[in-house]
Amino acid sequence: MKKPTINHYADGTASVLRKAVVYTSLRFYQRSDVLYQLTQLFCGRYLPKYGDRTVDQMVQAARSTKQNIAEGSSDGQTSTETELKLLGIARGSNQELLEDYQDYLKRKGRTEWFVEKNPRFERLHAFCQHHSQYEDYRPLIAKMDDEELANMAICLCHQVDAAMTKYIEKKDREFTTEGGIRERMTAARLEQRSTQKEIIEQQAREIEALRKEVARLSALLQQAGITG
């Protein structure tokens with residue numbers, strides 16, 4: 001098994017914590033936030049406010065995707081197992097949201113551009129690939145109808161899923177090769193002991209050098225006829 005990469009505090013003390021992931025900088029998290037905002041708007045526009053559980057399901061699935069990415073990334077500092085579990089839940093919620101949008105298009109007799117190889121999908125895909133902030137989408141959303149918005153959401157769901165799949169695989173490989181919190185604790189303790197041993201050995205060398213210097217100076221004083 002590969003030795004875990006150990007981080008350190010400012011004073012050099014070894015830490016068992018992994019390097020913190022700034023989840024807000026993850027592109028798939030940013031897109032999941034766009035999906036959450038977009039889903040709320042879509043449901044408010046095109047789904048009945050009362051008597052249809054689909055609204056709650058879609059908004060909850062979008063929120064679950066975003067929140068579990070955030071929580072999983074934060075918990076990943078101490079537990080890769082928990083991080084992988086929460087990321088898996090996020091991916092499942094994203095898949096659920098994808099199916100809800102696909103079902104809407106089928107119910108309404110609208111076209112799913114990805115399935116029909118619609119040329120508009122390529123333009124939409126390119127736009128979504130290069131934009132991850134909701135503010136970039138706001139001007140377009142205001143002009144789009146239900147078919148366009150649903151296809152935009154479907155495109156984002158596919159991109160979030162693809163990115164999360166790669167990220168989960170990366171984290172899984174790290175866990176397989178480096179282990180979890182127990183292995184990190186062991187590695188951190190061993191490194192800390194090694195560091196303390198080096199400090200003690202260095203101090204011993206410095207003390208020995210000082211003793212020799214004192215002896216040398218004492219000899220010079222004796223030669224000069226000066227005694228303490």
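Skipping its neighbours within four places in sequence, Met152 is in contact with Leu38, Leu124, Cys128, Tyr137, Leu140, Ile141 and Met144. And just so you know, this is a predicted model.

So where does Met152 belong? It's part of the largest nonpolar core, which has 44 residues. Met152, along with Leu97, Tyr101 and Leu156, touches the most other members of that core. Which elements give two or more residues to it? Those are helix 1 (27–46), helix 2 (53–75), helix 3 (80–108), helix 5 (119–130), helix 6 (134–141) and helix 7 (146–178). Helix 7 gives the most, with 12 residues.

Now let's step back to the whole chain. There are 8 helices and 2 strands, and from the N terminus on, the order is β-β-α-α-α-α-α-α-α-α. Of the 228 residues, 37% are buried. Take the contacts with a separation of 6 or more: 77% of them come from residues 24 or more positions apart.

One last stop: Ser132. You'll find Ser132 in the loop between helix 5 and helix 6. Is Ser132 buried or exposed? Its relative accessible area is 7%, so Ser132 counts as buried, because the cut-off for buried is under 20%. The side chain of Ser132 also makes a polar contact with the side chain of Arg27, at 2.7 Å. And again leaving aside neighbours within four places in sequence, Ser132 is in contact with Arg27, Gln30, Arg31, Val34 and Tyr137. Tyr137 is on the contact list of Met152 too.

Conventions
Residues are numbered from 1 along each chain as its sequence is written. This is a predicted model: local features need pLDDT of at least 70, side-chain atom pairs count only at pLDDT 80 or more; totals for chains, interfaces and linings use all residues. Side-chain values use heavy atoms; hydrogens and water are left out. A nonpolar core is a set of buried Ala, Val, Leu, Ile, Met, Phe, Trp, Tyr and Cys residues joined through side-chain atoms within 4.5 Å. Buried means under 20% relative accessible area, exposed over 50%, partly exposed in between (1.4 Å probe, protein chains only). Helices (H or I, at least four residues) and strands (E, at least two) are DSSP runs, numbered from the N terminus. Contact means heavy atoms within 4.5 Å. A polar contact is a pair of N or O atoms within 3.5 Å; within protein, one must be able to donate a hydrogen and the other to accept it, and residues adjacent in sequence count only if both atoms are side-chain atoms.
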